[in-house]
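Here are my notes on the charged side chains. Please read them with the model open.

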Amino acid sequence: MSATRICIVGGGFGGLYTALRLSEFPWQSEDKPEITLIDQSDRFLFSPLLYELITEEMQSWEIAPPFAELLAHTGIIFQQGSVTEIDIEGKQVTLHNEQKIDYDKLVLSTGGRTPVESTPGAKDYALPFRSLNDAYRLQEKLRLLEESDRDRIRIAVVGGGYSGVELACKLADRLGDKGRIRIIDRGTQILKDSSEFNRETAIKALEKNQIWQDLETEVEQVASDSITLIYKGQPDTIPVDLVLWTVGNRVSELINKLPLPQNEQGLLEIEPTLLVKGREDIFALGDAANSYDGDGNALPATAQVAFQQSDYCAWNIWASATNRPLLSFRYQPLGEMMTLGTDNATISGLGLKLDGPMAYLARRLIYLYRLPTLKHQLTVGFNWITQPIVELLSS
């Protein structure tokens, strides 16, 4: 009997951590599966720490280690490439180079993307902030603006959610007095899904950094050097040097094309076991799946949700191969953390409320523990400890 072939599409939190968990299970030698992980990038991105690249608090290798390094000695096969087609009846995945990968079990963890097509000019002039390439593009834009002779740098951040607030605070730290930053949101308050403690702490940080909040405001158009806003029916065009787009989450087109049950947003409908409804061979998690907590509330597309789902997904694949019962996913809200600039953060959850430098340190340590492999945790942790010493000796 040949080994079960498990194909995982997408190497984000859901995909990579599912693969790593699967490789750790006590498989009998005759049951040990062939695990293939596919991602279009050669690196995994620990997205909650992407903001630290703006202020150069962290380096790319720390938050985006190569898959080859993470998967060394695990037996997991890594394939870099874009998936162009999935034949769910023939159980075959096709890559952009026409390579075909057969599977017995399929895991869809394709992530999402930030939609910028619906607002005129946004696709041409606004930068999303979701990937490593997005961060590199932003760094280059900032470098050019900082090297110019302008006395102020005007930035509009569209979206007052977690990403928008964290981004604005890091930009304020980097640009200092030169920065003129505003957050634009259609809601009546920023961080509408956040805890009251974190929201209030974030508002204080925004006010301290003199970051303007344009609430109940829509973006009508983005141009090369301006943005047109609508507030209470009145348009207002203001000059900007840079527009950053942090709102929205759209499922990948690959998922939309599949003949599988989807909701109005294109998210795959799944059973509590993370199996796609009507299928015994396809699992979906993370940004690709329509997920709920125990009370029936829709879960947000966050790293924390995908991270927790990966444990259940891996268990259920192993359980189905070893005649064990499958488990229903149970989300455990562990609270929320936000960076609010250099040496400042806020944490709320599990009875804990923390802000300022202590929250900043705690957030760093929690994320260090969440990095995908022990080797990478130790390498990054050692760098954090020795870096201040190196800087002191070189000064």
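How many salt bridges does the structure hold? There are 19. A salt bridge here is a side-chain nitrogen of Lys or Arg within 4 Å of a carboxyl oxygen of Asp or Glu.

This is a predicted model, in which local features need pLDDT of at least 70, side-chain atom pairs count only at pLDDT 80 or more, and totals for chains, interfaces and linings use all residues. Residues are numbered from 1 along each chain as its sequence is written, and side-chain values use heavy atoms, with hydrogens and water left out.

1. Start with Asp104 and Arg5. Their side chains form a salt bridge, 3.2 Å from N to O. The partners lie 99 residues apart: Arg5 is in strand β1 (residues 5–9), and Asp104 is in the loop between β6 (100–102) and β7 (105–108). Helices (H or I, at least four residues) and strands (E, at least two) are DSSP runs, numbered from the N terminus.

2. Now the exposure of that pair. Asp104 is partly exposed at 26% relative accessible area. Arg5 is partly exposed too, at 30%. Buried means under 20%, exposed over 50%, and partly exposed in between (1.4 Å probe, protein chains only).

3. Next, Glu117 and Arg113. Their closest N and O atoms are 2.7 Å apart, in a salt bridge. Glu117 has a relative accessible area of 38%. For Arg113 the value is 28%.

4. Look at two helices next. Glu146 and Arg174 meet in a salt bridge of 2.8 Å, N to O. Glu146 sits in helix α5 (residues 132–147) and Arg174 in helix α6 (residues 162–175), 28 residues apart.

5. Last, a network. Salt bridges with shared partners join Glu52, Glu57, Lys170 and Arg363.
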